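Here are my comments on the model you sent. I have kept them as numbered points, going from the overall fold to single residues.

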Amino acid sequence: MESDLLQKTIGEVARAAREGLGLTQAQVARQVGLTPPVYGRVERGGMMPSVPVLRAIAVALGVPTDALLDVSSSEVPTTHKDLSPETRKVVGLLRTWPEKKVEVAGDVLRAMDVLTVPDAT
């Protein structure tokens, strides 16, 4: 695959996955360790990320690295597209949190679930 075409494919797949998660470029950039303008260049196909950055992007977006490397944006896994916009935003926010904070949030949700009284309907 030609370098320019590969850069464009990486950017298209990254953008589709990010938008599917309801994340901003700045949120993904922060997770990956890039500045938002640099991450924006990657999404626009104007910059080829290094292998470690490509891997970090894949992890942040929850897509396999081969999806970023050689498939069109229409082939990105659709697991998050079935979620409501509100749920996608929550998932996106949780992806930016440190692991310990996510664990505490999970504990709180489990405690709330135990306290929830079922509807009488």
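**Notes on the predicted model**

1. Overall fold. The protein chain has seven helices and zero strands. Along the sequence the pattern reads α-α-α-α-α-α-α. Please keep in mind that this is a predicted model.

2. Burial and contact range. The protein chain has 121 residues, and 32% of them count as buried. Take the contacts with a separation of 6 or more: 62% of these link residues 24 or more positions apart.

3. H1 against H4, geometry. Helix H1 spans residues 3–21 and helix H4 spans residues 51–61. Their axes come within 10 Å and cross at roughly 25°. Angles under 35 degrees count as roughly parallel, and H1 and H4 are therefore roughly parallel to each other. The crossing of H1 and H4 is left-handed.

4. H1 against H4, residues. Which residues of H1 meet H4? They are Ile10, Ala14, Ala17, Arg18 and Leu21. On the H4 side, the partners are Leu54, Ile57, Ala60 and Leu61. By class, this contact of H1 with H4 holds eight nonpolar, no polar and one charged residues.

5. H2 against H3, geometry. The axes of H2 and H3 come within 8 Å. They cross at roughly 105°. The range for roughly perpendicular is 65 to 115 degrees, so H2 and H3 are roughly perpendicular to each other.

6. H2 against H3, residues. H2 contributes Gln25, Ala26, Val28 and Ala29. H3 answers with Pro36, Tyr39, Gly40 and Glu43. The residues of this contact divide into five nonpolar, two polar and one charged.

7. The core. How many residues does the largest nonpolar core have? It has 23. Those with the most contacts inside this core are Val28, Val32, Tyr39, Ile57, Leu61, Val63 and Leu68. The elements giving two or more residues to the core are H1, helix H2 (25–32), helix H3 (36–43), H4 and helix H5 (65–70).

8. Leu61. Set aside its neighbours within four places in sequence: Leu61 is then in contact with Ala14, Ala17, Arg18, Leu21, Val28, Tyr39 and Arg95. Among these, Ala14, Ala17, Arg18 and Leu21 also belong to the H1 side of the contact with H4.

9. Arg55. Is this residue buried or exposed? Arg55 is found in helix H4. Its relative accessible area is 55%. Exposed means over 50%, so Arg55 is exposed. Arg55 and Thr65 are 10 residues apart in sequence. In space they are 6.3 Å apart, C-alpha to C-alpha.

How values were computed
Residues are numbered from 1 along each chain as its sequence is written. This is a predicted model: local features need pLDDT of at least 70, side-chain atom pairs count only at pLDDT 80 or more; totals for chains, interfaces and linings use all residues. Side-chain values use heavy atoms; hydrogens and water are left out. Axes are lines fitted to C-alpha atoms, for helices over the stretch in contact, and angles run from 0 to 180 degrees between N-to-C directions. Helices (H or I, at least four residues) and strands (E, at least two) are DSSP runs, numbered from the N terminus. Angles under 35 degrees count as roughly parallel, over 145 as roughly antiparallel, 65 to 115 as roughly perpendicular and the rest as oblique. A crossing is left-handed if the near helix is turned anticlockwise from the far one by less than a right angle, and right-handed if clockwise. Contact means heavy atoms within 4.5 Å. Ala, Val, Leu, Ile, Met, Phe, Trp, Tyr, Cys and Pro count as nonpolar, Asp, Glu, Lys and Arg as charged, and the others, Gly among them, as polar. A nonpolar core is a set of buried Ala, Val, Leu, Ile, Met, Phe, Trp, Tyr and Cys residues joined through side-chain atoms within 4.5 Å. Buried means under 20% relative accessible area, exposed over 50%, partly exposed in between (1.4 Å probe, protein chains only).
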